[in-house]
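Here is a friendly note to read alongside the model. It follows the charged side chains and the places where they pair up.

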Amino acid sequence: MRKRTMGWIIFFIALFIVVVELFPILIVVLNGFKKDIDIWSRNPFYFKPTLASYKKVFENEDFVRGLKNSLIAASISSFVSVFFGSMASYGLSRYRFKINDGIIFLLLLLRMVPQITLSLPFYLIFKKMGLSDNILGLSLAHISFNLPYAVALLLPFFEGIPRDFEEAAKIDGCKDFQIYWRIFFPLASAGIVVAAVFTFLMSWNEFIYALVLTGVRAKTAPVAVNGFLGQYAPLWGQLSAAGTIMLIPVFAITLGFQRYIIKGLSAGGIKG
């Protein structure tokens, strides 16, 4: 009886947290279907749907270009970070050197450096290299925080794979890269998916580097959304519509890979 009561208490606490978390998102989604005058003058629950805000958002070239740039930068950053991060994790887990712990500590330390402190050095370097206001430059900046994260996240997955697989592959004549690519990469697929999803979403939502390092050509969606604040007053309808559009990939990726994310996290990725 006591166990059942505790179960219900936990259920209602969890339900309360979910409602609190989803309420602001619900308001944003509803406001995207309202006119600005209705958002300003009527109560939050007044709802007379219109697609006017979405039409204006999709007619805004800055925002559409920003979506495309965000997708490209997030894809490049995620792919490079996971590919090289998985190789680094494989190497750190299979080859034990005295400096391994120092390397892992340094990677975690780099991940904790605030982006605002690196934005000016990146700006000066990329300006010198001709990568200012460039998607490649922005992707490199995103890789700077995604790569250490991918290495730290994937390390427990590779450490958890028995060495018997490696020894069997060597007996069959596999080289080091073949062992990594054909044996360990598939076995760590749950962690690879988790790392790919998280690095993509971190890059997709990134704002500081995009604001400092980009101009008109490489502007990303989060910066373009900032433009809907308006000169005299926020354009709440368009802001909400743009925010809702940006949420779609987040929900689609999270729900689409939910099974792999749960499997990956429960397998020990977060423990690293």
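1. A word on terms before we start: a residue is called buried under 20% relative accessible area, exposed over 50%, and partly exposed in between (1.4 Å probe, protein chains only). This is a predicted model, where local features need pLDDT of at least 70, side-chain atom pairs count only at pLDDT 80 or more, and totals for chains, interfaces and linings use all residues. Residues are numbered from 1 along each chain as its sequence is written, and side-chain values use heavy atoms, with hydrogens and water left out.

2. Six salt bridges are present in the structure, each being a side-chain nitrogen of Lys or Arg within 4 Å of a carboxyl oxygen of Asp or Glu.

3. Start with Asp-62, which is partly exposed at 30% relative accessible area. Its salt-bridge partner is Arg-65, with the closest N and O atoms 3.1 Å apart. Arg-65 is also partly exposed, at 29%. Both sit in helix H4 (residues 61–94), three residues apart, or about one turn of the helix; helices are DSSP runs (H or I, at least four residues) numbered from the N terminus.

4. Next, look at Glu-166 and Arg-94, whose closest N and O atoms are 3.6 Å apart in a salt bridge. Glu-166 belongs to helix H8 (residues 163–171) and Arg-94 to helix H4, so the pair ties together parts 72 residues apart in sequence. Both residues are buried. They also join Arg-163 and Lys-170 in a network of salt bridges.

5. Finally, Asp-133 pairs with Arg-217 in a salt bridge, the closest N and O atoms being 3.5 Å apart. Asp-133 is buried at 14% relative accessible area, whereas Arg-217 is exposed at 58%.

Technical notes. Helices (H or I, at least four residues) and strands (E, at least two) are DSSP runs, numbered from the N terminus.
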